[in-house]
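Trainee: Let's go through this one together. I have the sequence and the fold open.

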Amino acid sequence: NKEFLPIINDKLGSCGNQTNEHEVRVVFDKSNSIAVTFDKLPYVFKDPHGMDKKVDVKKLTFGSKIDTGTPAREELFSVKRVISPELIQLANDLTVRLIGVKTNPASEQEAVDYLTGKFTKHKVMLRYDHEKYDSENTLRCYVYLDNKTFVNVHLLRSGFVLPDTLSDYKYKSKFLEVAASE
């Protein structure tokens, strides 16, 4: 504990109250009585939430009239490559599966070309459904272009892909309706 002496002397000296009339002695308690006293306090705060669960309240907005800050924009991602009509790889190397679409073998290459053309001009936003990952641990998302174009639905409307009838997702009835109308 002797390494703290220069810091203590510096702090006491900076107050300007130290004169030759007063002497300051620093006594170190070797019995560790401070820790024992601390344990006997009537209330010791223990945070039940880990640091990874903390919410930065400065970033929250609730649409209040007094909240003049602009709401946070959704995060935009660049697409690195189109693996298939169902799978895309983002610039951060994350692979994403488009929810509600299945590859149509007859028009797979046209769908890949269509998506590649869209993604070279625009960044994408991701929205999640109630089931975030598939059985292969791939992220499942609804993909939107930065101009709010719903890519999953556009693929169905174009006829390049088939609707996914096996899995359960939020917009299943809408996707089946769109595919039936084309």
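Trainee: Start with D93. How exposed is it?

Mentor: D93 is partly exposed, with a relative accessible area of 46%. The classes are buried under 20%, exposed over 50%, and partly exposed in between, with a 1.4 Å probe and protein chains only.

Trainee: What should I know about the model and the numbering?

Mentor: It is a predicted model, where local features need pLDDT of at least 70, side-chain atom pairs count only at pLDDT 80 or more, and totals for chains, interfaces and linings use all residues. Residues are numbered from 1 along each chain as its sequence is written, and side-chain values use heavy atoms, with hydrogens and water left out.

Trainee: Back to D93. Where is its place?

Mentor: D93 is in the loop between β2 and β3. Strands are DSSP runs of E, at least two residues, and helices are runs of H or I, at least four, numbered from the N terminus.

Trainee: And what is the phi of D93?

Mentor: Near 70°, which is positive, and D93 is not a glycine. Most residues other than glycine have a negative phi. The hairpin of β2 and β3 that holds D93 has four residues between the strands.

Trainee: What other non-glycine has a positive phi?

Mentor: K148, at about 75°. K148 lies in the loop between β6 and α4. At 55% relative accessibility, K148 counts as exposed.

Trainee: On to the sheet. What is the strand order?

Mentor: Five strands form an open, mixed sheet, ordered β1-β2-β3-β6-β5. At the edges are β1 and β5 (124–127), each pairing on one side only. Neighbouring strands are turned by 45° against each other on average, direction ignored.

Trainee: Which sense does β1 to β2 take, parallel or antiparallel?

Mentor: Antiparallel, with three bridges between β1 (residues 79–82) and β2 (residues 87–90). Pairing here needs at least two DSSP bridges. A hairpin of four residues joins β1 to β2. V79 stands opposite L90.

Trainee: Where does the parallel part come in?

Mentor: Between β3 and β6, over three bridges. R97 stands opposite R140 there.

Trainee: What lies across β3 and β6?

Mentor: Helix α4 (residues 151–158), running at about 80° to β6 (139–145). That angle is taken between N-to-C directions, on a scale from 0 to 180 degrees, with axes fitted to C-alpha atoms, for helices over the stretch in contact.

Trainee: Which residues of α4 are buried?

Mentor: V151, N152, V153, L155 and L156. The cover over them includes β3, β4 (101–103), α3 (108–121), β6, β7 (161–163) and α5 (172–181).

Trainee: What is N152 in contact with?

Mentor: Beyond its neighbours within four places in sequence, N152 contacts L98, I99, V101, C141, Y142, V143 and F175. Contact means heavy atoms within 4.5 Å.

Trainee: New topic. How many cavities of 30 Å³ or more does the search find?

Mentor: One. On a 1 Å grid over protein atoms alone, a cavity is where a 1.4 Å probe fits but cannot get out; a pocket is an open set with protein on both sides within 12 Å along at least five of seven lines.

Trainee: Which residues line that cavity?

Mentor: Y114, K118, L145, T149, V151 and H154. Elements giving two or more residues to this lining are α3 and α4. Lining residues have an atom within 4 Å of a point. By class, that lining has three nonpolar, two polar and one charged residues.

Trainee: What is the volume of the largest pocket?

Mentor: About 180 Å³. A volume is the space filled by probe spheres set on grid points, which are joined across faces, edges and corners. The pocket has 13 lining residues, with R97, K102, D134, R140 and S167 nearest its centre. Both β3 and β4 give two or more residues to that lining.

Trainee: How does the pocket lining split by class?

Mentor: Four nonpolar, three polar and six charged residues. Asp, Glu, Lys and Arg count as charged; Ala, Val, Leu, Ile, Met, Phe, Trp, Tyr, Cys and Pro as nonpolar; the others, Gly among them, as polar.
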